[in-house]
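The following exercises are to be worked with the sequence and the three-dimensional structure at hand. Each task is followed by a solution in steps.

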Amino acid sequence: MLVNSGQIIEAIKSHDIWELGPLFPAVAKRRFKGKGKSIYAPCAFHLHPDVKPSFSWHLSKNFCQCYGCGMGGDLIGFYSAMTGKDFIPSVIALARFFHIKLQFGNRLEKEGEEEWQ
Ligand SMILES: [Zn+2]
């Protein structure tokens with residue numbers, strides 16, 4: 001059982017969605033048209049041919065969305081869609097990525113780890 005998941009989720013969402021780039025180098029490489037608040041790129045999910053960039057990173061609102069297939073989300077939604085992990089395992093993985101401390105019930109983190117892998 002993950003303790004303080006609300007705080008952990010807030011801490012994850014305080015990061016910029018583009019900080020996930022190193023986790024998905026193939027996506028990060030496929031940039032970019034546009035500047036400023038929105039960046040356009042080919043769809044990150046490779047679900048449809050994308051001659052014109054239809055995938056938009058809304059940096060000011062901290063989410064991304066594809067106007068072709070509709071997929072996207074905030075940091076957690078994007079990570080979950082890219083990896084196929086459920087919500088809580090995605091939260092745990094992102095908390096580790098951002099070095100946010102996790103606490104699992106009364107047990108130490110290492111003991112709780114197995115349950116999510
Ligand atoms: Zn798409």
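**Exercise 1. The sheet**

How many bridges join β3 to β4?

*Solution.* The model is a predicted one.

Step 1. β3 and β4 are joined by 2 bridges and run antiparallel.

Step 2. Moving to the next pair, β2 and β3 are antiparallel and share 4 bridges. Here C64 in β3 lies opposite W57.

Step 3. β2 also pairs with β1 (residues 38-41), again in the antiparallel sense and over 4 bridges. In this pair, W57 of β2 is the bridge partner of I39.

Step 4. Put together, the 4 strands make an open sheet with antiparallel pairing, in the order β1-β2-β3-β4. β1 and β4 are the edge strands, each pairing on one side only.

**Exercise 2. The nonpolar core**

Identify the residues with the most contacts inside the largest nonpolar core, and the elements that supply it.

*Solution.* Step 1. The largest nonpolar core comprises 18 residues, and I12, F55, L75 and V91 have the most contacts inside it.

Step 1. At least two residues of this core come from each of α1 (5-13), β2 (55-58), β3 (63-66), α3 (75-83) and α4 (87-97).

Step 2. Take V91 as an example. Beyond its neighbours within four places in sequence, V91 contacts S5, I8, I9, I12 and I76.

Step 3. For α3, the buried residues are L75, F78, Y79 and S80. These buried residues pack against α1, β3, β4 (72-73) and α4. Just after α3 comes G84, with a positive phi of about 80°.

Step 4. For α4, the buried residues are S90, V91, I92 and L94. Their cover includes α1 and α3. H99, which follows α4, has a positive phi near 60°.

**Exercise 3. The packing of α1 and α4**

Describe how α1 and α4 are packed, giving the angle and the axis separation.

*Solution.* Step 1. Two packed helices are described by the angle between their axes and the distance between the axes.

Step 1. For α1 and α4 the angle is about 55° and the axes are 10 Å apart. α1 is therefore oblique to α4.

Step 2. The contact involves S5, I8, I9 and I12 of α1 together with V91, L94 and A95 of α4.

Step 3. The crossing of α1 and α4 is left-handed.

**Exercise 4. The chain as a whole**

State how many helices and strands the protein chain has, and in what pattern they follow one another.

*Solution.* Step 1. The protein chain contains 5 helices and 4 strands.

Step 1. Along the sequence the pattern is α-α-β-β-β-β-α-α-α.

Step 2. Of the 117 residues in the protein chain, 19% are buried.

Step 3. Among contacts between residues at least 6 apart in sequence, 41% join residues at least 24 apart.

Technical notes:
Residues numbered from 1 in each chain as written. Predicted model: local features only at pLDDT ≥ 70, side-chain atom pairs only at ≥ 80, totals over all residues. Core = buried A, V, L, I, M, F, W, Y, C linked by C-beta atoms within 7 Å. Buried ≥ 20, exposed ≤ 12 C-beta atoms within 10 Å, placed from the backbone. Contact = placed C-beta atoms within 7 Å. Pairing = 2+ DSSP bridges. Axes fitted to C-alpha atoms, helices over the stretch in contact; angles between N-to-C directions. Parallel < 35°, antiparallel > 145°, perpendicular 65-115°, else oblique. Left-handed = near helix turned anticlockwise from the far one by under 90°.
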